[in-house]
Structure formats: structure tokens, C-alpha cells
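Okay, thanks for coming, everyone.

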Amino acid sequence: MELTYLLNSGFMVRKGRTLLLFDDYDDPSGAGDRAIDGGDFDRLYIFVSHAHFDHFGTHIRAYAHQTTRYIFSSDLRRTKRVKMFPQNNIVYMKRYTEWSDEHLHVWTYDSTDVGVSFLVELDDGARIFHAGDFNWWHWSGDTDENRRLAEKIFLRQMARLKNLEADIAFFPIDGRLEDSQELGAREFVGQTDVKSLVAMHRVGYERWRPSKKFFGGREPIPTWAPTVPGEFRLFVDGEFISKKK
């Protein structure tokens, strides 16, 4: 798989002749534009996990003629922006639902904020998890009551995700959470069977590297924490490989 960082939680994934865009709200490097204008793909699926401005950019409507399906969280129905898109080519998904065609299968899970998270399985069996804004949002300045509620909501959802299998998982490791920024990702990696982890939702923060306690004595998995729009990795044989395009 070829992975390109767009911005925030936005990523482009290429696998064979299939192109996937996740939460592409802005594309400062123009990587998505170049890939789509180049036309070197047979299928394009565009995923939006929820309607927050930093996950849903209306510029993706320009890709309508090349898009196989827009796969949107159902909360986007209530936005004015979604009316700009061809409605007959949108699949709206609520939490805990499934959708498939002959090339991929999509499952949705809940978020601890708004919208959904996605698990996508391609026709060759490759599996990608994109968390959207699902995370353990433990804010240092919050009340004890709110922090306990955030923990309860997160762990309740983790019970549904336990033992989930994916080749690549995109998950927030948000620097605004300070000392708690790894909390959700650490729990997620510990309770699932994901083979690699990509950190997201880190605009303006330095490159993340797992702390000594992150894997908790378990076997480490490959990680990647992009910082520069357009940053690229090739994911092959379970490793992230830097490569100039």
C-alpha cells in the first residue's frame, strides 16, 4: 500500500488500482489533486468520518466525476455543505452498519466525539482502520467528572473493537492532550490486532515517537507519525518505507 499524508486526519491510500481518500479536508501539497488528475486508478472511494471542518472539505466535490462512491458518516446529511455533492453517489453510514460492493467492504463503529470510524477491507483482503475522532479525550484542564465520562465512553467502545484485525490503523495521538496524548492509542493497540499504527490529528506538533511505556511490554509494531503535508510511505511486508515519488 502507498500512503500519503494530506493534513490532520487526512490520508490517501493506494492499493493496486484502488484509491482511497480519508477525511481530506485540505490538501496543501496537492498530492490528492495530482493523483486524481493523473487518472492512474480504476476506483476512487472518498471517506468522511464526520462533519467537523478539519475532516470534511468541500473541495472533494471536484472529484465527483472520478469518484466511485462518497462514503459519508450520516451526520453529514444535516450539513448545508453536503448539498454540493451528487446525492446519488453518496453512501451515508450510521454507526455499526455495513456497506459493500465488488471491490471493498466497509464496517462502521462509533466515535467518542461525532460521526463514525471506518474499517475497510479491500478485495485482496487488506484491512484499514480509520478512527476519525474516536479517541480517549482526556483533557488535563477538564473536570474529574468529565474525564471519568470520557474514559467510560472510550472503554465501552473498545469492548466492541476488541481483537479487531487491521493491517494499518490511523488513530489520533493529539498533542493538545499533553501527557495523555498516547492514552487512547495505547489502549487501542493493546486490545486489537493491528499490524501497524499511523498517528494523526497532530497539526502543529513535532513528530511523535512511541514512549517507552507505549507498548506495555508487548511486541512493538511499526509506527509512522507524519508532520509534513505530502509526506509519503510505502507499506510493504509490515513496514513503513520512505520513498521519493
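This is a predicted model: local features need pLDDT of at least 70, side-chain atom pairs count only at pLDDT 80 or more; totals for chains, interfaces and linings use all residues.

Let's start with S5 and strand S6 (residues 90-93), which pair in the parallel sense over four bridges. When I say pair, I mean that DSSP finds at least two bridges between the two strands.

Residues are numbered from 1 along each chain as its sequence is written, and side-chain values use heavy atoms, with hydrogens and water left out.

Isoleucine 46 stands opposite tyrosine 70 in S5. So how enclosed is strand S5 (residues 69-73) by the rest of the structure? Largely, since four of its five residues are buried; buried is under 20% relative accessible area, exposed is over 50%, and partly exposed is in between, with a 1.4 Å probe and protein chains only.

Now the open sheet. Seven strands form it, in the order S7-S8-S9-S10-S12-S14-S15, and the pairing is mixed. At the edges you find strand S7 (98-100) and strand S15 (223-224), each with a single partner strand, so one side of each has no neighbour in the sheet. Further in, strand S9 (residues 116-122) and strand S10 (residues 127-130) run antiparallel, joined by four bridges. Glutamate 121 has arginine 127 in S10 as its bridge partner.

Two helices pack on this sheet. H2 touches strand S8 (104-110), S10 and strand S12 (168-172), and its direction makes about 150° with that of S8. H3 touches S10, S12 and strand S14 (197-200), at about 155° to the direction of S12. Touching, or contact, means heavy atoms within 4.5 Å. Axes are lines fitted to C-alpha atoms, for helices over the stretch in contact, and angles run from 0 to 180 degrees between N-to-C directions.

And how do the helices meet each other? The axes of helix H2 (residues 144-161) and helix H3 (residues 183-191) come within 10 Å and cross at roughly 25°. Therefore H2 and H3 are roughly parallel to each other, a label for angles under 35 degrees, with over 145 roughly antiparallel, 65 to 115 roughly perpendicular and the rest oblique. On the H2 side we have Phe154, Leu155, Met158 and Leu161, meeting Gly184, Glu187, Phe188 and Gln191 in H3.

Last, some single residues. Most residues other than glycine have a negative phi. Tyrosine 96, in the loop between S6 and S7, has a positive phi of about 60°, and it is partly exposed at 31% relative accessible area. Histidine 201 also has a positive phi, near 65°; it lies in the loop between S14 and S15 and counts as buried at 7% relative accessibility.
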